[in-house]
Amino acid sequence: ANVSGSAAGTSEQQRRSPVDLAATPPAVLAVHWRRGDFLKHKFNALDRVCVNEATGAPLAQCLSLPVLRSPEELAEIIKLKMAEFNCSAVFLASNANEMERAQLEAALGFRPFMYAPSETSDLKSRG
């Protein structure tokens, strides 16, 4: 990792008080990774993208991008977007199975945050 600091080796973030750090929340990249039934219908399909997803601005020219199929492909895009937006964490919303999530984690080199409903919250939602 690239770390900048003074001659004493203290980075700007280390010199801040804990109150200052708490006021600056981490940048989190949110990723929705749909698996299963969606991919069966989209095999070899291209998604037409006409809007910059980060800014909402229309693109000068629409792009045709392939639908992602592998955890490794997604990991590469996540790494690029984390660098582009200076994110320090990833929140993943997905219906991927345990094996696919493990493959993604291995390709990323870290485990993304994910919502894991508790048994009681699941019962409440069924009402």
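Good morning. The structure holds one disulfide, a term that stands for a pair of cysteine sulfur atoms within 2.5 Å. Before the details, two remarks on the source. This is a predicted model, in which local features need pLDDT of at least 70 and side-chain atom pairs count only at pLDDT 80 or more, while totals for chains, interfaces and linings use all residues. Residues are numbered from 1 along each chain as its sequence is written, and side-chain values use heavy atoms, with hydrogens and water left out.

Let me return to the disulfide. Its partners are C50 and C62, whose sulfur atoms are 2.0 Å apart. The link of C50 and C62 is right-handed, with 115 degrees about the S-S bond. C50 belongs to strand β2 (residues 46–51) and C62 to strand β3 (residues 58–66), so the bond ties together parts that are 12 residues apart in sequence. Here and below, helices (H or I, at least four residues) and strands (E, at least two) are DSSP runs, numbered from the N terminus.

C87, by contrast, counts as buried at 15% relative accessibility.

I turn now to the sheet. Three strands form an open sheet in the order β1-β4-β5, with parallel pairing; two strands pair if DSSP finds at least two bridges between them. β1 and β5 are the edge strands, each pairing on one side only. Strand β1 (residues 28–33) is joined to strand β4 (residues 89–94) by six bridges. Along this pairing, V28 has A89 as its bridge partner in β4, and W33 stands opposite S94.

V90 lies in strand β4 and, at 1% relative accessibility, counts as buried. The C-alpha atoms of V90 and P112 are separated by 5.0 Å, although the two residues are 22 apart along the chain.

Next, the helices. The axes of helix α4 (residues 71–84) and α5 come within 8 Å and cross at roughly 45 degrees. That makes α4 oblique to α5. Axes are lines fitted to C-alpha atoms, for helices over the stretch in contact, and angles run from 0 to 180 degrees between N-to-C directions. Angles under 35 degrees count as roughly parallel, over 145 as roughly antiparallel, 65 to 115 as roughly perpendicular, and the rest as oblique. α4 passes α5 in a right-handed crossing: the near helix is turned clockwise from the far one, whereas a left-handed crossing has it turned anticlockwise by less than a right angle.

Finally, where is N86 found? N86 sits in the loop between α4 and β4. Its phi is near 55 degrees, a positive value in a residue other than glycine. At 66% relative accessibility, N86 counts as exposed. Thank you.

Terms used:
Buried means under 20% relative accessible area, exposed over 50%, partly exposed in between (1.4 Å probe, protein chains only).
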